[in-house]
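My notes follow in the order I looked things up.

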Amino acid sequence: MADFEGFKTLGFIGLGAMGRPMLEHLANKLPEGSRLWVYDVVERVLDEVCAAYPNRVLKGTSAADVATHVDTILTMVPEGSHVRSVYLDPRNGICSTNISNKMLIDCSTIDTATNLEVKDHIAEHFPSASFYDSPVSGGVVGAIKGTIAIFLGCAETDPKFPQLTQLMELMGKEVIPCGGPSLGLAAKLSNNYLSGIIAIACSEAFDMGMRSGLDPRTLAKVYAAGTAQNTICDKFCPVPHVYPDAPSSGGWKQGFKVQLMRKDFGLAVEMAKRVGSKNVLGDVGLETYNGAANDPRCRDLDSRVVYRYLGGQEDWQSESGHS
C-alpha cells in the first residue's frame, strides 16, 4: 500500500452538500501527520469542520490563503463562475499566489469551456503546476457513504494518474480516467443527462402503473427484474417509501438539488449542440427541470422530486390501504 507521502498538506475549497462529506473522508483516512486546510464562503461550516477535527483540519481565510499552505488542492463548488473566482480572482484566487509544482483538482461539475480557461491560465503562468477536472457522481448519499464514482480528465498514461487515483479512492469507490483535459466533465455531463432523463421516465412509469392499480413496491421489483433495471429505480426511487434510503423517503430533503440538475442538464444540452449531437429528449427534459426548479413545492429538494412535479402520488400507502 502507498504511503500518501504526497498528501501531507492538502487543501479543500467548497464544503457544500458534496464537498463536506468528501473532506471528512480525507480527514478520517489520511495518515495522522497530514494536515488539511479548508475554505468556504459559509463561515459556520468552516467552524464546524475545524471543531470536529482539531489540529487536523485548519481554517483558511480565502482560496489564496489555503493555496499558500498546501501542495495539493481540491475544489468543489457549484458553478463555472465560482470555479473562475476560486482560481482566477486577482486578490483571493488560488492563482494569485505561487502555485508552482502544486497539484490542483477541480471536482465541480461545470462547462468545459471554463475548465479549459482555468487550465490554460495555469499552464501559461505556472507551467510546473498540474490541473485536472475530476467531477464526481453518486449524489450526496454516495458522498457520505464514500461510494461516488470519479471521472478524471486525464489518460491512464498520465504520470500523475497513480497519485490521483490513490487520493480520489479515499472518497469514492471507482476512479475512471476519461482520456484528457475536460473529458471528465464531458463524461459527467453525459452521465447527468442520462440520469436526469431516467428520473423523468421512472416517475412517469411509476405513475402510470400506480394509477392502473399496481403497488409501487411491486413495480420496483418488476423494473429490477426486467430490462428497465436502473440505479434511479433501485437506490434513488422517486416514489416515497419504496426504497428507505432514497431521498424521496425523507421528503427529498437530502440529495442532488433540482436546481443543480437543471444546471447540469442545461450544460449537457449545450454540449450536445456544440458537438452536433441530436437530442430528441433534451429540450423536453430541460423544460421539465426548469419547471420543477421554479416550483416552490420542489425547489431546494432532491432532483427526483420531479415525481411530485409531474403529479405522482406521494401518500400512496394511506390512500390505497397499503402498509
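Before I list who touches whom, I need one cut-off: contact means heavy atoms within 4.5 Å. I also keep in mind that this is a predicted model.

**Entry 1**

I started with helix α8 (residues 183–211) and helix α11 (residues 258–275). Which residues meet here? From α8 I noted A186, K188, L189, S190, N192, Y193, S195, G196 and I197. On the α11 side they meet M261, D264, F265, L267, A268, V269 and M271. I sorted the residues of this contact by kind and got ten nonpolar, four polar and two charged.

Next I looked up the geometry. Two packed helices are described by the angle between their axes and the distance between the axes. For α8 and α11, the axes come within 8 Å and cross at roughly 115°. I put the crossing down as left-handed.

**Entry 2: what the record says**

I checked UniProt for this part of the chain. An unreviewed entry there lists "domain: 3-hydroxyisobutyrate dehydrogenase-like NAD-binding" at residues 184–308. Over residues 184–308 I get 62% helix and 0% strand. The end C-alpha atoms of that stretch are 32 Å apart.

UniProt also has "domain: 6-phosphogluconate dehydrogenase NADP-binding", again from an unreviewed entry, at residues 10–178. Residues 10–178 come out as 39% helix and 22% strand. Here the end C-alpha atoms are 24 Å apart.

**Entry 3: salt bridges**

How many salt bridges does the structure hold? I have 15 in my notes. I looked at some of them one by one.

R20 pairs with E48, and their closest N and O atoms are 2.7 Å apart. This pair links distant parts of the chain, with R20 in helix α1 (residues 19–29) and E48 in helix α2 (residues 43–52), 28 residues apart. Are they hidden away or on show? R20 is partly exposed at 24% relative accessible area, and E48 is partly exposed at 31%. I also see that R20 and E48 belong to a network of salt bridges together with E24 and R44.

K59 bridges to E43, with the closest N and O atoms 2.5 Å apart. K59 is in strand β3 (residues 57–59) and E43 is in helix α2, so this bridge ties together parts that are 16 residues apart in sequence. K59 has 35% relative accessibility and counts as partly exposed. E43, at 46%, counts as partly exposed too.

E117 and R84 meet in a salt bridge at 3.3 Å, N to O. E117 lies in helix α5 (residues 112–125) and R84 in helix α4 (residues 80–88), so the two tie together parts 33 residues apart in sequence. I have E117 as partly exposed, with a relative accessible area of 35%. R84 is partly exposed at 31%.

**Entry 4: a residue in α5**

I stayed with helix α5 and picked out N115, which is found there. Is N115 buried or exposed? Its relative accessible area is 1%, and buried means under 20%, so N115 is buried. What does N115 touch, leaving aside its neighbours within four places in sequence? I wrote down I110, F131, D133, S182 and L185.

Notes: Residues are numbered from 1 along each chain as its sequence is written. This is a predicted model: local features need pLDDT of at least 70, side-chain atom pairs count only at pLDDT 80 or more; totals for chains, interfaces and linings use all residues. Side-chain values use heavy atoms; hydrogens and water are left out. A salt bridge is a side-chain nitrogen of Lys or Arg within 4 Å of a carboxyl oxygen of Asp or Glu. Helices (H or I, at least four residues) and strands (E, at least two) are DSSP runs, numbered from the N terminus. Buried means under 20% relative accessible area, exposed over 50%, partly exposed in between (1.4 Å probe, protein chains only). UniProt positions are given in the numbering used here, feature names are shortened, and annotations may be inferred rather than shown by experiment. Axes are lines fitted to C-alpha atoms, for helices over the stretch in contact, and angles run from 0 to 180 degrees between N-to-C directions. A crossing is left-handed if the near helix is turned anticlockwise from the far one by less than a right angle, and right-handed if clockwise. Ala, Val, Leu, Ile, Met, Phe, Trp, Tyr, Cys and Pro count as nonpolar, Asp, Glu, Lys and Arg as charged, and the others, Gly among them, as polar.
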